[in-house]
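Subject: Structure handover and notes

Hello,

Here is the structure I said I would pass on.

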Amino acid sequence: MAAKIAVLTADSTHLGPDLLVVDPADRSRVVVGGIEGGEMWQNEMKRPTPQTEVSVIEREVGACVARLRNEHPAIAAILFECTAFPLVAPTMRRVTKLPIYDITTLCRLTLASVA
């Protein structure tokens, strides 16, 4: 069984194959999930945007990760697309025991490459 990567976003209905730019031969190894419809998503649609409690983000992201891992046991890494998700990345790493990458990972790698 080939390992898979899960891509988590705030709204998976807007993350289609055209945005993933993954070779069609590898597309089956990418799993996309989102927290659309949840409290954080609803808050982000409001203006002004109300603050979402970290515990809410943790609960919603955790539920999405659990659902995806149940449906796709071969998930071996997770990519958080949403810039709010790094708030819960340490907890999700501890819970899932999987590598989790996000915008802060990208920034660290970029800085390390030019240092």
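This is a predicted model: local features need pLDDT of at least 70, side-chain atom pairs count only at pLDDT 80 or more; totals for chains, interfaces and linings use all residues.

Sheet

The sheet is open and has four strands, in the order β2-β1-β3-β4, with parallel pairing. The edge positions are taken by β2 (30–34) and β4 (100–101); each has a single partner strand, so one side of each has no neighbour in the sheet.

Strand β1 (residues 4–9) is joined to β3 (residues 75–80) by five bridges in the parallel sense. Within that pairing, I5 stands opposite A77, and V7 has L79 as its bridge partner. Towards β2, strand β1 again pairs in the parallel sense over five bridges, and there L8 is opposite G33.

Helices

Helix α3 (residues 54–71) lies across β1, β2 and β3 and runs at about 145° to β2. A pair of packed helices is described by the angle between the axes and the distance between them. For α3 and α4 the angle is about 35° and the axes are 11 Å apart. The crossing of α3 past α4 is right-handed. On the α3 side the contact is made by E58, V61, G62, V65 and R69, and on the α4 side by T91, M92 and T96.

Helix α5 (residues 103–114) was checked for length. At 1.5 Å a residue its 12 residues should span 16 Å, and the end C-alpha atoms are 17 Å apart, which agrees. This helix is hardly covered, with a count of one buried residue among its 12.

Core

The largest nonpolar core contains 22 residues, and those with the most contacts inside it are L8, M40, V61, L68, I78, F80 and F85. At least two residues of this core come from each of β1, α3, β3 and α4 (89–96). Helix α3 gives the largest share, five residues. In soluble globular proteins, nonpolar side chains tend to be buried together.

L8 is the residue opposite G33 in β2. V61 is one of the α3 residues in the contact with α4. As for L68, residues up to four places away in sequence left out, its contacts are A6, L8, V31, V32, G33 and I75.

Two single residues

Not counting residues up to four places away in sequence, I5 touches R29, V30, V31, A77, I78 and L79.

A2 lies in the segment before β1. A2 counts as partly exposed, at 44% relative accessibility. Beyond four places in sequence, A2 is in contact with R29 and A74. The C-alpha atoms of A2 and I75 are separated by 9.0 Å, although the two are 73 residues apart along the chain.

Regards

How values were computed: Residues are numbered from 1 along each chain as its sequence is written. Side-chain values use heavy atoms; hydrogens and water are left out. Two strands pair if DSSP finds at least two bridges between them. Contact means heavy atoms within 4.5 Å. Axes are lines fitted to C-alpha atoms, for helices over the stretch in contact, and angles run from 0 to 180 degrees between N-to-C directions. The expected span of a helix is 1.5 Å times one less than its number of residues. Buried means under 20% relative accessible area, exposed over 50%, partly exposed in between (1.4 Å probe, protein chains only). A nonpolar core is a set of buried Ala, Val, Leu, Ile, Met, Phe, Trp, Tyr and Cys residues joined through side-chain atoms within 4.5 Å. A crossing is left-handed if the near helix is turned anticlockwise from the far one by less than a right angle, and right-handed if clockwise.
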